[in-house]
Amino acid sequence: MRKAVISLLLVSAVITGCDSAEHPPAKAGPPSTAGTRQLTDTEQLRISDAQQRLIGACMRGQGFEFWEAARLSVEESRTLGYVLDDVAWARKYGYGTRLQAEDAAARAANPNLAYRKRLSEQRRQAYDEALDGGLDVPVMSVEIPGGGTVRKQMGGCVAESEKKLYGDPREWFRAEKTAGHLRALYVPRVLADQRFSAAQNAWSRCMKRSGYDYRDPGASRQSAIAKSDRVAEPKVFEAERKLAVADATCAKDTDLLAIGEERESHYVAQLRDRYGEALDTYLRLQHRALDRAKRIVGPRV
């Protein structure tokens, strides 16, 4: 698949479900730092919706049609971290695998992909260049925590939308990738932490009393995800829902999320000497983008 189509899928994405078991104990993204709070799911979605609006306006200004991604409710768009302790949400959605399946179907039916496919080869190339600069756009790169380099081709309406929201797209790219990849440094420390391990063991004992034998929430969730291709079957989804409710109930009873968030903040603080500037920049630019997004789109309901 061409890189431009990949970008199209990315900018059309809607956050709908579970993170993998390797993700941190709390929410995705680094914890609050230097007195600046982390954005909520609702605020993150508002930025995403504003970017869709900006890309659409830019593409139409260059003579192309563009459809914004379907907007799920705030409740349906919830991002799950390693620990789920919302019993009511689990009772309704399980681990969110049905939501993920619906989202995948919506992406496959994205009208932008069908529209691009109908264009002539020349117009398709022009579309790709308008969207993200095409294949000849300059490449940005950043070295990430834990080793390695991430690169990104950035131009066109996607770059323009990020510029309007975050300011300098290069500054945002460096901060976002650095902050996001800090997980590789602090997550292993949290998982090995004595207090978190004790709480996780308490969660496991609680699950056994409910009839489930899992070492940690990651294993519990993975067992449901392994059956996600059959989640449309009522019995499969009902089993997932019951497991998720037991998981969330035990997490709540053992304070697993609160302990995980506290330990996460503790270990992230130890990285501030080296990565504090990137963390501060990440949150500062997110808040800037939110302020600008509020002038572009309303909140989801």
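## Serine 204 and its surroundings

S204 touches Y214 and R215, residues up to four places away in sequence not being counted; contact here means heavy atoms within 4.5 Å. S204 is placed in helix α10, residues 194-209. Helices (H or I, at least four residues) and strands (E, at least two) are DSSP runs, numbered from the N terminus. S204 counts as buried because its relative accessibility is 10%. Buried means under 20% relative accessible area, exposed over 50%, and partly exposed in between (1.4 Å probe, protein chains only).

## Basis of the model

The model is predicted: local features need pLDDT of at least 70 and side-chain atom pairs count only at pLDDT 80 or more, whereas totals for chains, interfaces and linings use all residues. Residues are numbered from 1 along each chain as its sequence is written, and side-chain values use heavy atoms, with hydrogens and water left out.

## Overall architecture

The secondary structure of the protein chain consists of 14 helices and two strands. The chain has 301 residues, of which 48% count as buried. Of the contacts between residues at least 6 apart in sequence, 76% join residues at least 24 apart. The protein chain exposes about 14700 Å², and carbon and sulfur atoms supply 50% of that area. Accessible areas come from the Shrake-Rupley method with a 1.4 Å probe; for residues, only the protein chains shown count as cover.

## Nonpolar cores

A nonpolar core is a set of buried Ala, Val, Leu, Ile, Met, Phe, Trp, Tyr and Cys residues joined through side-chain atoms within 4.5 Å. The largest such core has 51 residues, and those with the most contacts inside it are I47, L84, L165, Y166, Y186 and L256. Helix α14 (residues 272-293) supplies the largest share of this core, eight residues. Another core, of 18 residues, lies apart from it and includes M140, I144, C157 and A159.

## Helices α9 and α10

Two packed helices are described by the angle between their axes and the distance between the axes. The axes of α9 (residues 183-192) and α10 come within 5 Å and cross at roughly 60°. Axes are lines fitted to C-alpha atoms, for helices over the stretch in contact, and angles run from 0 to 180 degrees between N-to-C directions. The two helices α9 and α10 are therefore oblique to each other; angles under 35 degrees count as roughly parallel, over 145 as roughly antiparallel, 65 to 115 as roughly perpendicular and the rest as oblique.

On the α9 side the contact is made by V190, L191 and A192, and on the α10 side by Q194, F196 and S197. These residues divide into four nonpolar, two polar and no charged. Ala, Val, Leu, Ile, Met, Phe, Trp, Tyr, Cys and Pro count as nonpolar, Asp, Glu, Lys and Arg as charged, and the others, Gly among them, as polar.

L185 is also found in helix α9 and is partly exposed, with a relative accessible area of 22%. Leaving aside neighbours within four places in sequence, L185 is in contact with P145, G146, L271 and Y275. The C-alpha atoms of L185 and Y267 are separated by 8.9 Å, although these residues are 82 residues apart along the chain.

## Two loop residues

G147 is found in the loop between β1 (139-143) and β2 (149-153). G147 is partly exposed, with a relative accessible area of 47%. Its C-alpha atom is separated by 9.6 Å from that of H181, 34 residues apart along the chain.

D255 lies in the loop between α12 (234-253) and α13 (256-269). Most residues other than glycine have a negative phi. D255 is not a glycine, yet has a positive phi of about 55°. At 47% relative accessibility, D255 counts as partly exposed.
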